[in-house]
Amino acid sequence: MIERKLLLGDEAVALGAVHAGISGVYAYPGTPSTEITEYIQHHAPEVRSRWCTNEKTAMEAALGMSYAGKRALVCMKHVGMNVAADAFVNSAITGVNGGVVVLAADDPSMHSSQNEQDSRFYGKFAMIPILEPSTQQEAYDIMPYAFSLSEELKLPVLLRVVTRLAHSRAGVVVGERRTQNTLHLDNERTHWVLLPGNARRQYASLVDKQPALQASSEVSPYNKSVSSHHKATMGIIACGIAFNYVMENRPQEKGFPVLKISQYPMPETCIKELAGQCESLLIAEDGQPFVEEQIKSLLGSDYVVKGRLTGDLPRMGELTPDSVGVAMGVERTTTFADAQYVMPRPPALCQGCGHRDVYDALNKVAAEYKDARIFGDIGCYTLGALPPFRAIDSCVDMGASITMAKGAADAGAHPVIAVIGDSTFTHSGMTGLLDAINDHSPITVIISDNLTTAMTGGQDSAGTNKFEAICLGLGVEPEHLHVVVPLPKNMEEITNILRKEIEYQGVSVIIPRRECMQTLKRKVRQNRVKQS
Amino acid sequence: MKKDIILAGVGGQGILTIATIIGDAAAVAGLSLKQAEVHGMSQRGGDVQSNLRLSTEVIYSDLIKQGSADLIISMEPMEALRYVRYLNENGSIITSSHPFKNIPNYPNEEDIIAELQSLPHTVSLPIDDIAKANSLPKSANIILLGMAAKFIEILSPEQLRESIARVFAIKGEEVVKANLAAFDLGLAAVK
């Protein structure tokens with residue numbers, strides 16, 4: 001049955017994957033990718049969808065499902081690709097059995113991220129096909145295509161979306177659901193056992209597949225030309241969502257010829273054809289100048305290529321219909337200047353949040369030392385860097401609080417404290433804690449446990465109810481492991497424990513544990529609805 | 001016909017609910033629709049906005065161009081001002097006049113209201129007070145939607161009412177009734 005639904009880009013990806021017959025989705029929450037897995041959890045209970053501990057475990061489990069013959073989707077935000085990279089790159093060497101699509105949600109302009117790395121580089125690095133839908137409809141339609149392509153080429157396929165597609169809603173016409181693959185285990189050990197001898201053969205096979213990838217892009221239904229009836233001096237290459245901004249600015253009567261790219265490796269023949277009709281090309285792509293750089297070498301240094309590298313488009317940040325319009329020579333027509341009485345309004349920790357009490361305690365104790373350093377991590381509690389707390393000295397990547405604290409302690413800094421959330425701890429903090437324990441590093445680790453993955457909206461946290469056991473198992477001494485309830489009334493107890501443990505010349509772990517205000521409120525609301 | 005609307009507010013004030021209602025009405029009416037939302041970090045008490053585009057024709061960009069928004073609907077007066085660069089020359093601002101002060105350097109309230117009134121088409125009302133006076137404390141955002149209803153044009157107030165009933169149906173009859181009452185209050189408050 002065909003019907004029309006109003007879907008976020010993320011939801012369109014999710015429903016497209018379900019309709020493509022996936023048997024599992026593997027993911028760790030991360031803005032702007034989270035809603036994909038949530039949609040599958042709520043709408044397709046027969047698909048395996050529980051949250052994974054991190055992106056690497058997600059990628060590997062998906063590969064295992066593929067090995068067993070079934071289709072699997074892996075979802076993560078762009079920086080999650082760094083965590084999954086080992087498994088991701090090697091999955092191109094093993095190849096796949098059941099189709100695998102890896103979705104990377106990039107965040108140009110860093111709305112909720114610490115960098116704006118462009119995941120397309122990972123696809124090229126791994127030498128696999130990359131798909132980049134422009135619209136919610138394409139995000140839905142492209143999923144069955146992506147899984148078929150994966151199974152046809154026996155390679156994982158990378159699907160790249162950006163924040164503005166992931167978090168924008170539009171009407172999507174949806175179709176029929178394909179049945180899931182049956183179990184059919186792969187018997188080719190030489191594909192899967194990547195000893196050097198096998199790996200060399202597999203890599204050669206990957207290299208041999210490259211012309212097929214190229215040929216697929218040249219005829220892809222998702223790479224399309226929009227011709228112009230007028231002689232235009234400039235042609236436009238528009239990748240993914242940039243196509244929308246180009247079309248928004250393109251006057252119908254005298255438009256530029258446009259080549260939309262939504263499948264890579266980039267279609268070189270189509271590009272050369274467009275270049276032949278024009279004197280210059282404008283490259284509109286969200287993220288980094290991935291296509292622009294490649295086109296410069298494809299067309300030679302004499303051909304005029306404009307884009308982010310030439311300053312025709314901003315070097316950083318997401319594209320907008322305004323910036324693309326300027327590059328296309330469209331005049332800006334604003335009536336009103338920016339208002340005078342507007343101040344920035346940064347996000348803040350919720351009122352009543354337990355992290356607030358943790359930072360109050362830490363600030364109090366840290367002030368008693370000349371040079372205390374607090375290494376932070378990724379989550380709501382990163383907001384402790386902002387006023388009124390200004391409590392943390394670093395925030396780099398998932399898990400780096402503990403390991404950076406350890407390194408600083410190794411260098412002689414004292415006192416050093418790490419602050420990490422419960423979900424981030426199981427994601428990437430446990431291994432670092434083991435290093436610190438084995439080295440007997442004098443650090444104090446705060447696992448601020450709010451029983452959820454809060455920043456991304458309250459998903460289940462992999463280690464809930466297991467933290468004391470994990471810490472003891474890794475080798476934290478029982479007398480240096482404390483659980484406290486972060487409330488103002490317990491401030492004296494918490495600060496006293498902190499003072500004592502800072503002076504301990506080994507690893508201490510303090511677990512302030514209190515439920516996230518947001519998940520608590522949601523539960524209360526749900527109970528009320530149930531009762532009424 | 002097209003309508004480009006910017007919804008503005010502070011995380012948690014309910015602008016995404018307004019977006020959901022207009023979006024539902026547009027979908028039922030068979031209009032083209034794009035609705036870019038803010039999820040993630042900013043939702044923790046930061047400024048949030050949603051670009052809502054409705055049209056009888058195909059819509060390309062998920063984002064509204066500067067100088068082309070027909071309407072700014074805001075749950076907070078300073079947040080309404082944040083987007084005036086996006087407003088077209090005939091564009092209107094429908095806003096709550098009640099400031100939400102969660103930053104230490106919040107500007108002088110009178111200055112904000114004066115700047116809003118200096119713009120050609122501003123409607124501002126103390127929606128929180130209206131909500132409280134009518135025992136509808138949770139429906140301030142729907143009062144605002146009611147105030148904006150006549151300006152949306154591409155959808156009629158009646159189409160929006162029907163959408164409110166659909167969107168809140170899951171929460172029970174009482175909630176639907178309260179929100180319809182809130183909508184009607186807002187609608188009646190603007191000439």
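Tutor: In this predicted model, A:Arg160 and A:Asp106 form a salt bridge whose closest N and O atoms are 2.7 Å apart, the term meaning a side-chain nitrogen of Lys or Arg within 4 Å of a carboxyl oxygen of Asp or Glu. The two residues lie 54 residues apart, A:Arg160 in strand β6 (residues 157–162) and A:Asp106 in strand β4 (residues 100–106) of chain A; strands (E, at least two residues) and helices (H or I, at least four) are DSSP runs numbered from the N terminus. Both A:Arg160 and A:Asp106 are buried, that is, under 20% relative accessible area, where exposed is over 50% and partly exposed lies in between (1.4 Å probe, protein chains only).

A salt bridge also joins B:Glu79 to A:Arg345, at 2.6 Å from N to O, and this pair crosses between chains, from helix α2 (residues 77–81) of chain B to the loop between α13 (321–327) and α14 (354–366) of chain A. B:Glu79 and A:Arg345 are likewise buried.

Within chain B, B:Arg166 pairs with B:Asp24 in a salt bridge at 2.8 Å between the closest N and O atoms, linking helix α6 (residues 157–168) to helix α1 (residues 15–28) across 142 residues. B:Arg166 is partly exposed, its relative accessible area being 37%.

Shared partners join A:Asp106, A:Asp118, A:Arg120, A:Glu132, A:Arg160 and A:Glu285 into one network of salt bridges. Over all chains, the search finds 36 salt bridges.

Residues are numbered from 1 along each chain as its sequence is written, with chains lettered from A and ligands numbered from 1 in the order written. Local features need pLDDT of at least 70 and side-chain atom pairs count only at pLDDT 80 or more, while totals for chains, interfaces and linings use all residues, and side-chain values use heavy atoms, leaving out hydrogens and water.
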